[in-house]
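Subject: Structure for you to look at

Hi,

Here is the structure I promised to send over. Have a look at it first, and then read on for what turned up.

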Amino acid sequence: MTAPTLILPERSRAVASDLRAAIGADKVKDDYSTLTAYAVDASIYRMTPKAVVLVESEEDIAATVRYAVERGIPLTPRAAGTNLTGSAIGSGIILDISRLNRVLELNCEERWARVQPGIVLAELNKELGRHGLLFGPDPSSGEMCKLGGMLANNSSGPHTLRYGAVKDNVAALRVCLQSGEWLDAKAYGLDDPNCADLLKAHQPLRELRSLLQDHATLIAQKRPMVSKNSCGYNLFGLADGIARGLLDLPKLFIGSEGTLGLFSEATLKLVEKPRATLTALIHFHRLEDVGEAVPQLLELSPSALEVMDANTLNLIGRAKHGIPADAAATLLVELDADGTGTDLRAKAERMTEICRRYRLTSDPLIAFDPEQRDQLWKARKALYPTLYRFDPKKKPINFVDDVVVPAERISELIRYLEEFFAGQHVPVAIFGHIGNGNAHIIPLLDVNDEVDFQKMVQGYHEIHQTVLGRFGGSICGEHGDGRVRAEFVKTMFGPELYDLFVRVKQSFDPSGVLNPGIKISDRPFTDHIDYVRLSKPCATCAKCNAVCPVYDVFQSEDMSSRGWFEIVTDKDYSYLNSKRVVEACLNCKSCRTACPAGVDVSKLILDRRAENPNKMAGVIFRFHAQTALFERFLKLLARYQPLWDRPLMRRLLDHLTKPFMRRLAETASLSPQLVLPRLARRHLRDRYPELIPQAERTPRSPVAYFHGCAANYFDDGVGDAVIAVLRKHGVEPNLPPQRCSGTPIETYGHRALAKEGARVNLASMAGYDKVVTGCASCTLMLKDYPTLFAGEPEQAAAQALAKRVTHISEFVSQSPVKPAMASSQPTKCKVAYHSSCHLRAAGVTKEPRAILAGLPGVEYVEMQDADRCAGGAGTYLVKDFETSQRIVERKRQAVEQSGAEVVATSCPACMIQLRTGLQGAAEVKHVAQLIQEAYEVADRQTS
Ligand SMILES: Cc1cc2nc3c(=O)[nH]c(=O)nc-3n(C[C@H](O)[C@H](O)[C@H](O)COP(=O)(O)OP(=O)(O)OC[C@H]3O[C@@H](n4cnc5c(N)ncnc54)[C@H](O)[C@@H]3O)c2cc1C
Ligand code: SF4
Ligand code: SF4
């Protein structure tokens, strides 16, 4: 079908202006940064839109649809933008449904929920999990993808074997039709008077009904004979409904990729969460053996059966994931116990017995514990973006990524594909849901190279044709057709059935504005390929968005980690056109920790800030660098703190400091609500003069304590606790001279100043066996000095220091000395742990938790979202207090739900932020303080 020519207004600004007038200024954006961020999704394509609408209600959706239809402007619905097919980008209006993200109603007894489309799958399941329930379909992108996209793509995942695809788990949808009217799309009995009313009211439904009746034979003939299919419109599901006397409308809209209507909510069918789960990783010597083992394994009713071929194992790094060098394929098996007495251990034995009939390279790895199970899944889940690290030019390209064949022929398919790509000399990863015969095929190509480009075009046609002709399969199991497969839908189903698809599209979207170019299109799949982006290191997978606290609050791609990557690496970037977004990043580093492709968005942003250092911050940090003068000033503030740190005075202070604060950032303030720590009248270094190394005194301690600014200047007991704990472990630390580690200085763009302080620290910390830290940010910054001095003479010294930096929790875990702890405590205090982002980025996650769990007076509870940023981020709570409080709200709820009396953490900014944000709901302590308390109790018991 040739899409109707859509008329675009000449001046792009007109679109956004009109929409602002229609639905409100704060919901419509068309600035450079926004349009750049929304020009991509997780596919290989780029299209820059005219305007972005962040809808907040059904009225907003209907008004935007009406406007787009009236003006003939393409309208693309968008959720998380993680599709791999280019279906969430477009040249007109992007309608982002992310802000509609609530669970509206939950019926635990009948196991259903009414949910808005902007909710992230992982968040939905977290909420349902509290009631022992689950929404079954599980795309591997579940941490970041949203319900709207899952519905529109008919997504599924590794657990389709047990739970089916989205289409099998939805009872009803609210759909905005292109007329702006709302349709309650559920399965209506054909003789139900409501069905008659509906047909009377909506002509497209009448046309659909007749089309299904008139072409029942054709539809039956063309039904794909594989266990899953997301190609074309699901007329097959509708025909099944008709055979059962139903007009099963969800079947039409699920998988329609925003081309027939827009969803504002869905009623989901839920399942009980499995009581226990077993995950197994099995390495086979021969690929063909996997194919033979699968039918036998299917008899155990696995919930997931995943395969990775030899090339995939090579590409992701065998050594890194503990995969034997001689494994030809790896199988991941998952079995659930659903409370009906399933004996998982017996099943595990049976599974091992089946697999041992074949040559395995090692014994199957079997895990029951959630953490170990996660480890087994890790390589599989991070696979796609990890492929991005393989080569600077050859990138994983999704163009034949989602084929399905009969399950018993999957090894034959894999063998064919391996030979095909070997013939092309193209590295390729082949993996997927073997139990369903669904293979994901990701070749690595440099599409900017003409030879590779031709290989892509050849592969597209040959492989799809082979899947259809030789295997009788489908070109699309779960990812959707989008732009990438639209060209082949006609070949898949033949011209007659394709013509029915066109008629369905025309009756539901006569003006052709709903996501044009998707599913029904005659354009070649190579149109709109983003050649520039495909040479960059980011896979645009959006995994970082899922952990970015700014995205969490704003739900807008221009305020997100992935969006910022696009903006700051765009050829038209300038600080002036993007200041708003470049200054919004907290530098929390959560994105860096999450990114499987090894991209550090926070660093790219810091690079951009370094091009425009903040002048006011420069004045402050230069004063800070004059240690003696600065400390005298702080002591003066400390002396008068009882006077100025009162509510009235704080309000006055906030007012008086506004002009200075504005020069720091538009949003900066010294909010009176900020719970400030007590400033020390005698700094830590004054209190422990005996620990300060004298030049002439030898030998000095092998251990230095890098206390940083906060522990030195705040009277909060943290520095004392670290020293006391070290002493208990038999170490008398040194407090060598030190300057700010540099984190806040770099955050404001003053890299040269940060380096100046870093040089002092490098010299001062040289020669110590261990440099112990208490502050999360100092820990990370010291470990990051090699990057700060990349290619400079100091790099070697920085690398040497980075290796010796040890957080106090690591020190305690590794220490051979085990100080006495209280034998028993009559009452236990409930303690949760907030994992500071910078400590996570430094790789310290397990030690603090293990220590807390082992303290005698502590009942450790793992709270939800423990690994999410709390919004303090150094001075961010001064730079943008309002946003920082919106961020911490989620943490407050998590603490409340956990029932913790104390929240332990490791970062001074987190401590201030938690004390401010928790509003007294729990006490906040440093991990070292809790360790110190445990040792003190033991001392009292023995004395
Ligand atoms: C690393 C990675 C792994 C993946 N693994 C899987 C997998 O295992 N299985 C799988 O199925 N997919 C997978 N995907 C693809 C993708 O994540 C899923 O298809 C996902 O469900 C898309 O959701 P989204 O929120 O990102 O939707 P988007 O990409 O934003 O949109 C997808 C489609 O939905 C439409 N849409 C969005 N909201 C609405 C609405 N309210 N009304 C109407 N239409 C709407 C859009 O127009 C578009 O056509 C993977 C992607 C990545 C990057
Ligand atoms: S920066 Fe990393 S996590 Fe974020 S979108 Fe790019 S590849 Fe994915
Ligand atoms: S550093 Fe934090 S705020 Fe900045 S982009 Fe990364 S996750 Fe988002």
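Let me start with D481, which is buried, with a relative accessible area of 0%. Please keep in mind that this is a predicted model. D481 is found in the loop between α18 (450-469) and α19. Leaving aside residues up to four places away in sequence, D481 touches T85, S230, C231, G232, E257, C476, A486, V489 and K519.

Next, the nonpolar cores. The largest of them has 152 residues, and those with the most contacts inside it are L173, L235, F253, L297, M351 and W564. Helix α19 (residues 486-508) gives this core its largest share, eleven residues. Apart from this core lies another, of 37 residues, with V703, A721, L839 and V858 among them.

Finally, a helix pair. Helix α12 (residues 287-298) packs with helix α14 (residues 344-356) at an angle of about 155°, and their axes are 10 Å apart. Since angles over 145 degrees count as roughly antiparallel, that is how α12 runs relative to α14. The crossing of α12 past α14 is right-handed. On the α12 side, the contact is made by A293, Q296 and L297, and on the α14 side by M351, I354 and C355. Of these contact residues, five are nonpolar, one is polar and none is charged.

Happy browsing!

Best wishes

Methods
Residues numbered from 1 in each chain as written. Chains lettered and ligands numbered in written order. Predicted model: local features only at pLDDT ≥ 70, side-chain atom pairs only at ≥ 80, totals over all residues. Heavy atoms only, no water. Core = buried A, V, L, I, M, F, W, Y, C linked by side-chain atoms within 4.5 Å. Buried < 20%, exposed > 50% of the residue type's maximum accessible area, 1.4 Å probe, protein only. Helix = DSSP H or I, 4+ residues; strand = E, 2+ residues; numbered from the N terminus. Axes fitted to C-alpha atoms, helices over the stretch in contact; angles between N-to-C directions. Parallel < 35°, antiparallel > 145°, perpendicular 65-115°, else oblique. Left-handed = near helix turned anticlockwise from the far one by under 90°. Contact = heavy atoms within 4.5 Å. Nonpolar A, V, L, I, M, F, W, Y, C, P; charged D, E, K, R; others polar.
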